[in-house]
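Please review the structure shown below. A briefing accompanies it.

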Amino acid sequence: MINFYEVNETNQMIEKENLDVRTITMGISLLDVIDSDLKNLNRKIYEKIYAAAENLVATGDDIGREFGIPIVNKRISVTPISLIGAAACKCADDFIEIAKTLDKVAHDVGVNFIGGYSALVAKGTTRADEMLINSIPQALAVTERVCASVNLGSTKTGINMDSVRLMGEIILKAADLTKERDSLGCAKLVVFCNAPDDNPFMAGAFHGVTETDTVINVGVSGPGVVKTALSKVRGESFEVLCETIKKTAFKVTRVGQLVAKEASRRLNVPFGIVDLSLAPTPAVGDSVADILCEMGLEYAGAPGTTAALALLNDQVKKGGVMASSYVGGLSGAFIPVSEDQGMIDAVTAGALTLEKLEAMTCVCSVGLDMIAIPGDTKATTIAGIIADEMAIGMINQKTTAVRVIPVAGKKIGDVAEFGGLLGYAPIMKVNPFSCDDFIKRSGRIPAPIHSFKN
Amino acid sequence: MNKTIITVVGKDTVGIIAGVCSYLAENQINIEDISQTIVNGYFNMMMVADMNKCPKQHAQIAEELEDLGQKIGVIIKAQREEIFDNMHRV
């Protein structure tokens, strides 16, 4: 029988340490609605998503109330639209019509984001991929809830440098088209290397073609819970530190697993995976950087940060895999800047630089995330940042991503405001030296030697 | 099966248990276990309840208990037992 102490511990986590289920994301395959007529396609996309996700928000809220745990976001991911629109779309504007349909259906079912306005171009780019990518800036400017992502490389295929170069320009264009809102468009656009098919977190969620028709994926959270647990073992050995993180991650993940199973049962949709990521929010006490500080760093970014993050990421996984049979998505620690008060403080104090963040992405679950950079950064420089990050992912056989926001009209020291869960961010310094001639080369970087395992 | 954990936390006052228990009785909810302490004037109670005969949905009970808590001046939560079981039992 459950005792007083255990009940109090759980409720303390929820009330004081920001434990929540960050997202229930319903993945919906659109492969069966493909049509060569754009009007029909849009209608069928709307109908399929609406029918599948009609009860998603209400069910999520009910589960949250019954278990007494907040389920912060209800979201949808769909099959990459470059595939779905390939037969119907003759130009970039046609794709924008699909973006509007996605936005409308997201609004009508009440989810706050819909992901999958995506192209998978790890090795090569089809005409449809290119049209979709070119439509991204406009699509993000005219919609509220649509999120876009592009997979630019993988360990198996190498890096598509033509698309890396193009994405440098696209990100700048997306920033320009949303300049009245601090270039918010870029906050809804992420590029990947080794993008997972079952990621429930935005902006990078899409429903991979290897997935079933509809599926429920759940992303848990709880940096505050880990931090509080660690505050009780200050000064103890690494063994105790690791053990504490592992146990906490286990507890957090079990809640995710429970909610995922329950949502899957009630919606009559198969359960896919639980994503173990520690996802911070701008709320005080909900920060991954604070965990690093609790481990003994003055600020995130101080020497030792990469080691601390590696340890954290690994222990979160070790605790989490025991708690759920199906773990997937990104699973690790997220280190976004604007969505994490501790990271913002570290940048403001001068402790955390772009280069250190890049090193951190070698050992955490994603990449350069929600980083505001000066609006006058060159497209080739952004492409260079992307290429570096893709290379880290390709060589280390892990997912890496870039979500940088070149905030139009702002300079180092200014602050960009995105609002809500996206937070705010100080503009960070970018290395001013040129990589123009490197980025201008055409073609792709071949797959690394260790990809040949057959 | 289908057990509910009801927790009541707040400043101690007359009639907290009476208020909660009469509400539960009115709604056919059976109390199987109660533990309760008062620390520094703060009331702390946990009940294990069986809602199988209750005609209302769980979410509605949780909301009504929350409202009742506001009237008495305490925080009342009704949560399905699974969340605690899952978190604390391997």
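This is a predicted model: local features need pLDDT of at least 70, side-chain atom pairs count only at pLDDT 80 or more; totals for chains, interfaces and linings use all residues.

Residues are numbered from 1 along each chain as its sequence is written, and chains are lettered from A in the order in which they are written.

**Overall fold**
- Chain A contains 15 helices and 13 strands (DSSP runs of H or I with at least four residues, and of E with at least two, numbered from the N terminus).
- Of its 454 residues, 61% are buried (20 or more other C-beta atoms within 10 Å of the residue's own, with C-beta atoms placed from the backbone).
- The C-alpha atoms of chain A fill a box of roughly 65 × 55 × 50 Å along the principal axes.

**Helix α5**
- Helix α5 of chain A (residues 92-109) has 18 residues and reaches 26 Å from its first C-alpha to its last.
- Its buried residues include F95(A), I98(A), L102(A) and V105(A).
- Just after α5(A), G110(A) adopts a positive phi of about 90 degrees.

**Domains**
- Chain A is divided into domain 1 (23-193) and domain 2 (218-447), with bounds from an automatic or database domain assignment.
- In chain A, 45 residues of domain 1 are in contact with 46 residues of domain 2 (C-beta atoms, placed from the backbone, within 7 Å).
- On the side of domain 1 of chain A that touches domain 2 of chain A, the largest share, 11 residues, comes from α7(A).

Definitions and conventions. A residue is buried if 20 or more other C-beta atoms lie within 10 Å of its own, exposed if 12 or fewer, and partly exposed in between; C-beta atoms are placed from the backbone. The expected span of a helix is 1.5 Å times one less than its number of residues. Two residues are in contact if their C-beta atoms, placed from the backbone, lie within 7 Å.
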